Each structure stands twice: as structure tokens, then as C-alpha cells.
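Subject: Structure handover

Dear colleague,

I am passing on a structure for you to look through, and my notes on it follow below. Please keep the sequence and the view open beside the text as you read.

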Amino acid sequence: MENQEGKEKMPILKAGISNKAFTLLELIVVVVIISLVFFFAAPKFQDIVESSAESAIRRLKTIIEFQYDEAVFRKTNHRIYFDIKEGKYWTSYLTMDREGNLTPIKKETYTLPAGINFEDVDVVNRGKFMEGQIAYIEFRPSGYSDESFIHIKAGDNRKYTVYLHPYSGKVIVYEGYKQKQTTQ
């Protein structure tokens, strides 16, 4: 047997056990880094909500203009329906049934992104439609459509108005709540 008194024992570390801990300085550095990330990321989150609202409005504008063009080109009546409470809208075209009644045929359904809602839809010749009601805008083959003001609100209380001109089918987007000016 050999004499082991002269040899030092080699330290054995067990897996997962460490005698080391984070120092206060290391924890402060991590907290500062995380704070900086949130400081620079918070404004970007606001930009995401803004771009989401702008994107939804651009999409709605395009769909309205397309429905106007389709009604004239195909010589059929088209409609866009708005479920104000659910934040949904859908397109349809109208066909005549055997009794001579116009029947809407649903085509596409769209949903506004989270945090973006319809406030109301004001169809000038039919009135203002609020939450819980279904509104529609009609596009006729003659090139006439219902003059309409679609009011949209974003999550941060910003409001937009999507205006449809009845004779040209042109859609104009305004920031803020706009409505028809009455002259007397």
C-alpha cells in the first residue's frame, strides 16, 4: 500500500451544485439592460398598434374601392355589410331571385384587428348605425354608391373617418371624427 498522506485530495464537484452566486453588481447590470430594452421597445409597441390601425383602414379603403369598381364593371349591385359590435365586415353581390327580389350572395368576410373597432357607420340616406346594428353600403351598376362615413377607433382613443364619395367611388381617410356638414 502506498502512503497517501502526502497527496492532496482532488476536489469533487457534484453536478448541479455550485458554491458561486451572483453578486449585487451583476444583478444591477442585468436589471439595467432589461430596463433599457423595455425603454426602447415600448414606443415600438405603440407603433405596432398604429400601423395595425393604418393597415386595417388601408384594407377597408381598398375593399370599398374594389366593390365600387366591381358593381360598375359587372353591372350588378354590390354591398359591404358592417357588424359594428363584432368588428367584422363582409362583401356581397345581389342577384334577382324568381320572385324578382334582390338576394345578397356573401363573398368575403373580414375582421378588424384586436384593439380596433367600428364606432359607427353613417350611411347618409339611411342614417347612423351604432353598436349592435348591421349597416350596409350599396354600390350600383350606374356608378352611384351610398355616401357613407365609417368611423373607426383605435385602442389608444384615436379616431379615423373613412369617407365614401357617392358619385366617384373615391375613398378619403381622415384622422378624427368627421361627419356630413349640413348647410341651411
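A word on terms comes before the notes: a residue is called buried if its relative accessible area is under 20%, exposed if it is over 50%, and partly exposed in between, with a 1.4 Å probe and only protein chains considered. The model is a predicted one, in which local features need pLDDT of at least 70 and side-chain atom pairs count only at pLDDT 80 or more, while totals for chains, interfaces and linings use all residues. Residues are numbered from 1 along each chain as its sequence is written, and side-chain values rest on heavy atoms, with hydrogens and water left out.

To begin with the overall picture, the protein chain has 1 helix and 9 strands, where helices (H or I, at least four residues) and strands (E, at least two) are DSSP runs numbered from the N terminus. The order from the N terminus is α-β-β-β-β-β-β-β-β-β. Of the 184 residues in the chain, 30% count as buried. The chain exposes about 13100 Å², of which carbon and sulfur atoms supply 57%; such accessible areas come from the Shrake-Rupley method with a 1.4 Å probe, and for residues only the protein chains shown count as cover.

Helix α1 covers residues 24-74 and includes phenylalanine 40, which counts as exposed because its relative accessible area is 54%. Together with Leu24, Ile28, Val32, Leu36 and Phe39, Phe40 forms a nonpolar patch on the surface, with about 650 Å² of accessible area in total. Patches are made of residues with over 30% relative accessible area and no salt bridge, like charges being joined within 9 Å and nonpolar side chains (Val, Leu, Ile, Met, Phe, Trp, Tyr) within 5 Å.

A search of the whole structure finds 7 salt bridges, each being a side-chain nitrogen of Lys or Arg within 4 Å of a carboxyl oxygen of Asp or Glu. One of them joins glutamate 65 to lysine 61 at 3.1 Å, N to O, and both residues lie in helix α1, 4 residues apart, or about one turn of the helix. Glutamate 65 is partly exposed at 25% relative accessibility, and lysine 61 is partly exposed at 26%. Arginine 74 and glutamate 70 also meet in a salt bridge, at 2.8 Å, N to O; they too are 4 residues apart in helix α1, so about one helical turn separates them. Glutamate 70 is buried, with a relative accessible area of 11%.

Which residue meets lysine 180 in a salt bridge? The partner is glutamate 147, at 3.2 Å, N to O, and the pair links distant parts of the chain, 33 residues apart, with lysine 180 in the segment after β9 (171-175) and glutamate 147 in the loop between β6 (134-139) and β7 (148-154). Lysine 180 is partly exposed at 39% relative accessibility, whereas glutamate 147 is buried at 14%. Elsewhere, Arg126, Arg140 and Asp146 are linked in a network of salt bridges.

Lysine 159, finally, is found in strand β8 (residues 159-164) and is partly exposed, with a relative accessible area of 34%. Its side chain makes a polar contact of 3.4 Å with that of glutamate 119, a polar contact being a pair of N or O atoms within 3.5 Å in which, within protein, one must be able to donate a hydrogen and the other to accept it, and residues adjacent in sequence count only if both atoms are side-chain atoms.
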